[in-house]
Structure formats: C-alpha cells, structure tokens
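Subject: Structure for you to look at

Hello,

Here is the structure I said I would pass on.

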Amino acid sequence: MMNNLELEQQLNTLLNSHAIKDYCPNGLQVEGRAQVRKVITGVTASQALIDKAIAANADAILVHHGYFWKGESEVVVGMKRRRLKALLSHDINLYAYHLPLDIAPTIGNNAQLGAMLGLSQLQAMELGNAQSIPMWGELAQPLTAQQLTEQLAHHLGSKIVTVCESGPALIRRVGLCTGGGQGYINLAADLGLDAFISGEISEQTVHVARECGLHFFAAGHHATERYGVKALGEWLARTHNMSVEFIDIDSPA
C-alpha cells in the first residue's frame with residue numbers, strides 16, 4: 001500500500017518525467033483515493049479498461065495513453081464525461097506516462113521491443129539528444145526480412161505490414177520507434193540503417209523505404225506499446241510489493 005501522491009513521485013522519479021516535454025500531462029491525471037493497494041496497468045485508459053479496473057476493485061490505473069492531449073476539446077461531454085465520471089465515482093486514480101515511457105532506457109517501449117528482438121548496443125537515433133525517442137541497435141545474428149517479420153509476429157501476435165522491396169539481403173542494424181513513430185524512417189535512412197520498425201505506416205513511409213533502400217515494418221501501435229507499461233507495473237510489484245495486474249484491451253490498430 002502506498003499514498004497516491006507518493007506513488008506519483010516514485011513513478012516521476014523513475015521515468016524522469018519532469019525533464020521531458022510532451023503533448024499531455026504525465027503523472028497523476030485524475031486523483032482518486034489516498035491509499036493505493038491494487039493497480040491495473042494497460043496501454044490506453046479506455047472505458048473498457050476502466051470497467052475492468054472497477055470490477056477488480058482497483059485503486060489506480062496506470063497507462064501509456066491517458067487524457068488531456070494538446071489540441072483536443074476542453075469540454076467534458078460524451079466519451080470524456082463517461083470516462084471521468086466512472087473514475088471519479090469509484091475513486092480510482094489515473095496515472096499516465098506518454099513520452100517518458102517511450103524513452104525510458106530499460107523499461108520503456110522501445111527498450112522492451114529491442115530486448116525482445118535481441119538488439120544489442122541500443123542507442124539514440126537522434127545524435128546528441130539524450131531524450132531521443134527513436135533508437136537503434138544491432139542484431140546478434142543477421143536476419144532476412146522474412147525472418148524478422150516472423151520474429152515480430154511471434155513476439156507481438158500482430159499482423160505485420162512490410163515494405164521490403166529494396167533493402168539489403170541481410171538485416172543487421174535496426175532502428176525502432178514504437179507507436180506512431182513511422183516519421184523517423186527518414187532519420188533511419190540518413191543513418192544508413194538496414195531496417196526500421198514502428199507501430200504504424202503512412203503513405204509516404206512506403207516511398208521512403210523503397211527509394212532509400214531499407215526495410216520497413218509496421219507492427220501495430222497497440223502491439224508495440226504493450227510492454228513498457230507492463231514492465232513498469234512489474235517494477236512496482238517487485239520494488240514496492242504492490243498488487244499489479246496487466247489487462248490487455250485488444251486493438252487492431
């Protein structure tokens with residue numbers, strides 16, 4: 001059991017959230033009861049995840065995608081009202097960490113995906129930027145595009161969209177940025193990487209991959225971002241002896 005504000009401080013310190021500029025507030029977004037015993041973790045604070053947390057008698061929800069994004073409407077109506085009403089009426093705390101959970105060097109989304117693929121010497125793609133979001137590393141054994149596709153599908157359980165028409169026969173140097181990080185493919189090309197992995201694909205991504213001679217893999221926004229928040233919850237359970245349960249609300253995106 002831990003005080004809800006102390007829990008926020010512990011998470012903020014671990015993820016260095018105050019030092020990272022973001023598109024939303026990181027930390028405690030909706031305040032609930034003062035004492036936290038049980039935490040539900042998940043990718044997005046959807047109504048389905050809130051309903052699961054209520055059924056589990058949780059004191060807090062910890063997610064990667066929370067609320068109050070820059071540019072969204074500020075009025076509390078419709079979906080936003082229903083979500084907030086459910087949290088507040090059941091006195092549930094909502095904690096959310098967006099970019100801090102992408103960047104985190106060991107439990108972050110990119111680090112977790114890199115570890116799954118066995119990438120070594122994982123480092124920043126944005127040279128000289130200590131808070132680089134995209135990362136790259138080297139495979140222990142070079143793989144063909146088909147082999148890497150199969151590894152991604154095996155680890156993530158998602159459909160992999162590939163653009164593998166003009167990349168090298170064997171892939172060694174791999175860049176990655178989970179979620180909606182496909183725009184970093186241009187940087188991957190500039191760095192001379194063999195492949196780039198993200199969650200989503202855009203129309204222009206296809207042409208960059210074809211014309212710049214690298215392989216591109218879109219493995220799903222949700223699928224590539226399950227593992228940071230799951231690892232964060234496991235850290236909470238391990239270091240603070242808290243009851244933590246990861247609930248995966250499936251999304252095809």
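**What was found**

Strand β11 (residues 195–198) pairs with strand β12 (residues 215–218) in the parallel sense, over 4 bridges. Two strands pair if DSSP finds at least two bridges between them. Strands (E, at least two residues) and helices (H or I, at least four) are DSSP runs, numbered from the N terminus. Within this pair, F196 stands opposite F216 in β12.

This is a predicted model, in which local features need pLDDT of at least 70 and side-chain atom pairs count only at pLDDT 80 or more, while totals for chains, interfaces and linings use all residues. Residues are numbered from 1 along each chain as its sequence is written, and side-chain values use heavy atoms, with hydrogens and water left out.

Both strands belong to an open sheet of 6 strands with mixed pairing, in the order β7-β8-β10-β11-β12-β9. β7 (119–124) and β9 (161–163) stand at the edges; each has a single partner strand, so one side of each is left without a neighbour in the sheet. On average, neighbouring strands of this sheet are turned by 20° against each other, direction ignored.

Next, the helices. Helix α10 (residues 227–240) has 14 residues and should span 20 Å at 1.5 Å a residue; its end C-alpha atoms are 19 Å apart, which agrees. The expected span is 1.5 Å times one less than the number of residues. Buried residues in α10 include Y227, L232, W235 and L236; buried means under 20% relative accessible area, exposed over 50%, and partly exposed in between (1.4 Å probe, protein chains only). After α10 comes N241, with a positive phi near 55°.

The axes of helix α5 (residues 109–117) and α10 come within 7 Å and cross at roughly 100°. Axes are lines fitted to C-alpha atoms, for helices over the stretch in contact, and angles run from 0 to 180 degrees between N-to-C directions. That makes α5 roughly perpendicular to α10 (65 to 115 degrees; under 35 is roughly parallel, over 145 roughly antiparallel, the rest oblique). N109, Q112 and M116 of α5 make the contact with Y227, G228, V229 and A231 of α10, where contact means heavy atoms within 4.5 Å.

Last, the cysteines. How many disulfides are found in the whole structure? The search finds 0, a disulfide being a pair of cysteine sulfur atoms within 2.5 Å. The sulfur of C177 is 15 Å from the closest cysteine sulfur, in C24, too far for a bond. C177 counts as buried at 4% relative accessibility, whereas C212 counts as partly exposed at 46%.

Regards
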